[in-house]
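The structure is shown first, and the notes follow.

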Amino acid sequence: MMTSKNKKRDLFMGDEYWNESSRKVTPFDFDDDTDTDTFMTMFKEMQVHGESSEEDNIIGWDGKPISVSDSIVSAAAAARHPNSVSATVQSGGAVSPVSSPLARSATHHSAGDSRTISDALISVSAAPQDPAQLAAEVAFLRRRLAEAREVAPPPADTARRLALGEPCTLELYRPLAEKRQLLAETVALGDGDAVLVVVLFLKRTLKRSLFVAELRRQPVACEQYLAYLRARFSHADAADLLAMLGRVEEAAMVRYESAVRVRGGVEPQLRGLRHCLQAHLAPDPELALHTGLVRQQIDLLERQRPVEAADAPARPDLQLVGRSVLSTLHYCCLHHYSEPANHLASPAALRERHQLTERQYTWTALRARASLQAWADVQALFTSKTWFSSGKLRPVVPFEAAAEVLESFGATLETLSLYIASIDGTEKRLEHAKKFGCYKIVVDGYLSQKDRVSLEQYRATLKPHSEAHQYASDALRATTVRWKN
Amino acid sequence: MTSALHLMHGRLRTNIFRDEARQKFVTLLDKTVGTKAIVWDERLTGPFGLVAEYSFLREHDVAKMFPLRAGRLPPSDVDTVVFLVRPEVGLMELVAENVQKEEEQGGRRKEFVLCFMPTGSGACERVLEERRVRGTFSQITCLEVRLLPLDADLLSMEYPLGFKEYALENDPSCLFEAAQALLEIQLKFGIIPSICGKGNAAKKVYDYLLNLRREHQDSEFPTVCEIDTLLLIDREVDLITPVATQLTYEGLIDEVFGIHNNTVKLPSEKFVKQDGGPIEMTNDRKQFLLSSAEELYADIRDKNFNAVGPALSRKAKQISAQYEERHSQSVSEMKNFVKNVLPTIKAAKESLGLHTSIAELIKERTDSESFLEALQTEQEMMNAIDTDRAHPHIEQLIAKKADLTRVLRLICLQSACNSGLKPRLMDQYRRDLLQTYGFQHALTLNNLERAGLLRTQGRTTYSALRRQLKLTVDDVNEQAPTDISYTFSGYAPLSVRLAQLLARPGWRSVSEALALLPGPTLMEEQPAPAAARNRRDTGPLGLSADDARLTLVVFLGGATFAEVAALRFLSSQEDAPTEYVIATTKMINGNSLISSLSEELVPVGGA
């Protein structure tokens, strides 16, 4: 998209320019006026860096970019393959030669070769040639000239080229201020990949402390780099960086992530978690919540391991390590329900350690014991253990939900009735009684309401001659009831 | 997809995007020599299915196709291996490994081509360099395909993790790509004079777009502006809609079975008798293509599911009436009937059969107690009933260890409808979830918090928003809807409400509500090139001067089918102030949104 447009503009401006060979600056750049400035800034920088010593060299070189372009053959060659995306955006080899020949070419120039591209071009065009070939030649030379311009593009320009996937050279930006500006311009453009390329360039060329300071100034770049580190599983680096930036909680989460991502079994993971806890979480009171959770996780793993080892002979395909607290509790309720509290697999101990709520505990135990059809255990879960217990069941878990679980494990009507009958509120009780087929509760309910009509309606839904039907009929025949309807 | 005819009937010729993508793909393939194997980033196969079919690839010498996996490539006897991937650093390790193993193995020398879609990535290339395989590739190129038409009025970038990238990782790449896509749209359909938007992402896209436009001369844009208004909506502005259960037909198909790039896979036992639906059987699932190319589907997809049954039975009657007509016909009429009418009737019948089966499958789900309970919970939350406490239904779902994504969706909805959860409640949920599902999910919860889906109570905004934007509507008509709230049986998607209010009476009327929503509000005019004329000023051929205005709504971070349905509903209103076309970074629903933010971790014992 960009390249085609540039070509167009080049052709458009061509004649006007080539007749004006005295112009100091190549005119077909993108934002014409900034150009001189940049060249000058660059030269000043070079002075600062001691790469060029004499002012007149610089001036002599100015406006004669041909020799520079020679040194950028690699970049130009890359540019000829517009599809090799950002061929020069990489580090090292392909790009670094660009800067060093620069100094060389500057001195070389004062020695006398004053031919510029435009000079060369005039001599070429003097010869009568096929216009098409000529045009191609012109285009080629112009491109090289354009490449030459790249020696010191303003950061905004480079940022834009990066974002558009065009080749460009980052190594030319030496002073910190320029690097900073380059990063800022790239961030403003919004291409995350370009930002990352610049960040990685900064990382390569800056002291660590300076690098972090730059990231601190550019939150977007910082996040980008952190995401990059995570994508490459460099969790430790990411955490270090976060810690340096003072983002303690996030650093802790990253460290935690790297601990749980550890492969190779329980032992290395436990080691990772313990380290994470001791070194990073526990010392910081602000992370109390996470500290508590990681402690629980460690304790759980330490509990699961011996239990699994002890039970493995009896249950070869047992897989306990790595399960959640409640899933572990479920296992313990299945196989170690009556272990004393000092036993590792004791449900009570597990409940105590992880401070499970009554609801959590009851739900899990309910399902486990129901699946073994240990109805008495289930009933015990709902029975209050205090001295003043009335013997009524307590709705630790909603009775209808409990009934659903029990029914799914094949509880008898009698067992179910116990829970349905405990539901508070006649309406709701009758509704669920009907759903689970506890006809006695339904019939007795209507009886106590003296609701003959509803009872008759209910009887109509029952199978004739069934026990339930009989029971309803008996009730309707009862002479002692004074029906309200 | 063999035909793209239906793409040409919309207000914008979205088929242009399809043709262009196809052309670019061909150019890429024909640039390489000999027979080819394509190694796919698996998330790209679906989107490419929209523009090219396998037979088409075969014609261009594609002999083998593999998914990108760790390890070695399956053996193949091709000249060139083309890796087609998203520019993500994480994938480069896989690519590098593939190439290294292939080289070690020796044998016939293959050429390797790496192709990024839609743009290249310097960071990715650096990874390849570090792994010392960069030089192995004879070409590193890119396939600049940004927009794929899902329908005549719906374009998707199919950008996989856009919301996660910008909301969680602060990576604006997705937004930059969106800006590029919008530039492409303007290069095809003219400068859009008015740009509005809400949210941080909207502002960024707007800024990027202005930057990008400067790269182009006015003369490069068409002189006629076909789109009047661009509305940019940041997903962050409306995190209620995507986590709520969609209740339109298409929305429910997506919720229950998942629609990916217009195709849905359904349990095949339901579809043994007919073979009207296209393409292959995959094990016990059968694949169907859903688009407006199918007349009946176009008719019912945006209806509330409760209105689908009646619509289907109406259609059935209509078909049999048509079929009956043959009795009262002369011989010549009969001939015409057999030749012309009968095939359409047959197709209509097949289509009816298909959708009756799908509707039955969905009804099974929507009639289930768990669905109804969850729905009731959602409605209570949207009406701000008891959102301050642990919701008994959520507690019960956790106790039953229901699907974690489902539970998280409800908690996120509660968080949104309560303007954040009280810290104590948040901790209670957190403990409960971690103890039930495993401690490793702490990371997922952390992500949801950072992305703003879960938050602790801050400024209370929801009740004011609900009132000012009329987000909940009591008497909703599902059969003959009068308001967009039909899409959620009583809740009007906030995002679409914003679009509706923008068109009439304008955002100034709801400036208070807009101030309550996160991020800046944009209302900008974009100077059109001097040569450009408004479509209505001139009335070019085929467009009458009183043609309705056209608004392009762009969902940054993903759109749901219910939102699309709501916008189509607005378009179809008789006195509609504007029609809509829709673009999105990706089609999403609550499940895909939550799982995009989830960290998949294998518990230690399972490893």
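In this predicted model, the count of disulfides over all chains comes to 0. Cys115(B) illustrates the point: its nearest cysteine sulfur belongs to Cys142(B) and lies 6.7 Å away, whereas a disulfide would require the two sulfur atoms to be within 2.5 Å.

**Cysteines**
- Cys115(B) takes part in no disulfide, and it counts as buried because its relative accessibility is 0%, under the 20% limit.
- Cys438(A) has a relative accessibility of 2% and therefore also counts as buried.

**Extent of the interface between chain B and chain A**
- The size of an interface is often expressed as the accessible area that is lost when the parts come together.
- For chain B and chain A, the buried area is about 5400 Å².
- Carbon and sulfur atoms give 53% of that buried area.
- Chain A contributes 69 residues to the contact, and chain B contributes 61 residues.

**Polar and charged pairs across the interface**
- Between chain B and chain A, 21 residue pairs are in polar contact, with both residues of each pair at pLDDT 80 or more.
- The rule finds 7 salt bridges across the interface of these two chains.
- One of the salt bridges joins Arg359(A) to Asp432(B), with the closest N and O atoms 3.1 Å apart.

**The side of chain B that touches chain A**
- The elements of chain B that give two or more residues to this side include the helices α4 (89-105), α5 (122-130), α7 (173-189) and α8 (200-213).
- Also among them are strand β5 (137-142) and the helices α14 (392-399), α16 (423-437) and α17 (442-450) of chain B.
- Helix α16(B) supplies the largest share, with 8 residues.
- By residue class, this side of chain B divides into 22 charged, 20 nonpolar and 19 polar residues.

- Arg497(B) is located in helix α19 of chain B, which spans residues 494-503.
- With a relative accessibility of 6%, Arg497(B) counts as buried because the limit is 20%.
- Beyond residues up to four places away in sequence, Arg497(B) touches Leu469(B), Lys470(B), Val473(B), Asp483(B), Ile484(B) and Ala492(B).
- Arg255(A) belongs to helix α16 of chain A, residues 248-260.
- Its relative accessible area is 16%, so Arg255(A) is classed as buried.
- Apart from neighbours within four places in sequence, Arg255(A) is in contact with Ala239(A), Asp240(A), Cys276(A) and His280(A).

Key
Residues are numbered from 1 along each chain as its sequence is written. Chains are lettered from A and ligands numbered from 1 in the order in which they are written. This is a predicted model: local features need pLDDT of at least 70, side-chain atom pairs count only at pLDDT 80 or more; totals for chains, interfaces and linings use all residues. Side-chain values use heavy atoms; hydrogens and water are left out. Contact means heavy atoms within 4.5 Å. Buried area is the accessible area (1.4 Å probe) that two parts lose on being put together, summed over both. A salt bridge is a side-chain nitrogen of Lys or Arg within 4 Å of a carboxyl oxygen of Asp or Glu. A polar contact is a pair of N or O atoms within 3.5 Å; within protein, one must be able to donate a hydrogen and the other to accept it, and residues adjacent in sequence count only if both atoms are side-chain atoms. Helices (H or I, at least four residues) and strands (E, at least two) are DSSP runs, numbered from the N terminus. Ala, Val, Leu, Ile, Met, Phe, Trp, Tyr, Cys and Pro count as nonpolar, Asp, Glu, Lys and Arg as charged, and the others, Gly among them, as polar. Buried means under 20% relative accessible area, exposed over 50%, partly exposed in between (1.4 Å probe, protein chains only).
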